[in-house]
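Subject: Structure handover

Hello,

Please find the structure below, with its sequence. Notes on it come after.

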Amino acid sequence: MQTEKKKETARVIKFVLFSASAGIIETLAMILCEEILKIPAHWLCYAIALVLSVLWNFTFNRKFTFQSAANVPRAMLLVFLFYVPFAPFTIWNEHFLADTHGWNEYAVLAINMALNLSLEYLWDNFVVYRNSKDTNDIAKKKQGKEQQHE
């Protein structure tokens, strides 16, 4: 029981760290689009940045956080289904708060990133990887080492 709790705590920490790295990717992409490329539509900059961060986050969390050997297209489809309502809402939120009401675009980005972190963890843990956690080669090697020490 305690081992399972430690494993889940480690999973949450990994997810937060990889999500933070995806947040850096998203922020850098936003800066590139807004400040360097001067794309006038803030929502479009956000959409581009979101796609880049999702691809980054999916790749690393699948392999290292959830250690899943599940079918990649299926897992990607399930992650895509999370973003079917989430992306339009947050793109609208970026437009509504930043473009329409003059909120600082990076403050709105931070709000959307916090929503993304918490909601996507729940989605990934209980939907995408529910039955395939700890099934890839990394997890199998770790399980083999743990069995040797018993």
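The notes below cover the helix contacts and then the surface.

This is a predicted model, in which local features need pLDDT of at least 70 and side-chain atom pairs count only at pLDDT 80 or more, while totals for chains, interfaces and linings use all residues. Residues are numbered from 1 along each chain as its sequence is written, and side-chain values use heavy atoms, with hydrogens and water left out.

Helices are DSSP runs (H or I, at least four residues), numbered from the N terminus. The axes of helix α2 (residues 42-65) and helix α3 (residues 72-100) come within 10 Å and cross at roughly 150 degrees; axes are lines fitted to C-alpha atoms over the stretch in contact, and angles run from 0 to 180 degrees between N-to-C directions. α2 is therefore roughly antiparallel to α3 (angles over 145 degrees count as such). Their contact has 15 nonpolar, three polar and three charged residues.

The axes of α3 and helix α4 (residues 105-128) also come within 10 Å, crossing at roughly 160 degrees, so α3 and α4 are roughly antiparallel to each other. In this contact, 18 residues are nonpolar, four polar and five charged.

On the surface, Phe89, Trp92, Phe96, Trp103, Ile111, Leu115, Leu119, Leu122 and Phe126 form a nonpolar patch with about 840 Å² of accessible area together (residues with over 30% relative accessible area and no salt bridge, nonpolar side chains joined within 5 Å; areas by Shrake-Rupley, 1.4 Å probe; a salt bridge is a side-chain nitrogen of Lys or Arg within 4 Å of a carboxyl oxygen of Asp or Glu). α4 gives the most to the patch, with five residues.

Regards

Terms used: Helix = DSSP H or I, 4+ residues; strand = E, 2+ residues; numbered from the N terminus. Parallel < 35°, antiparallel > 145°, perpendicular 65-115°, else oblique. Nonpolar A, V, L, I, M, F, W, Y, C, P; charged D, E, K, R; others polar. Patch = residues over 30% accessible without salt bridge, like charges linked within 9 Å, V, L, I, M, F, W, Y side chains within 5 Å.
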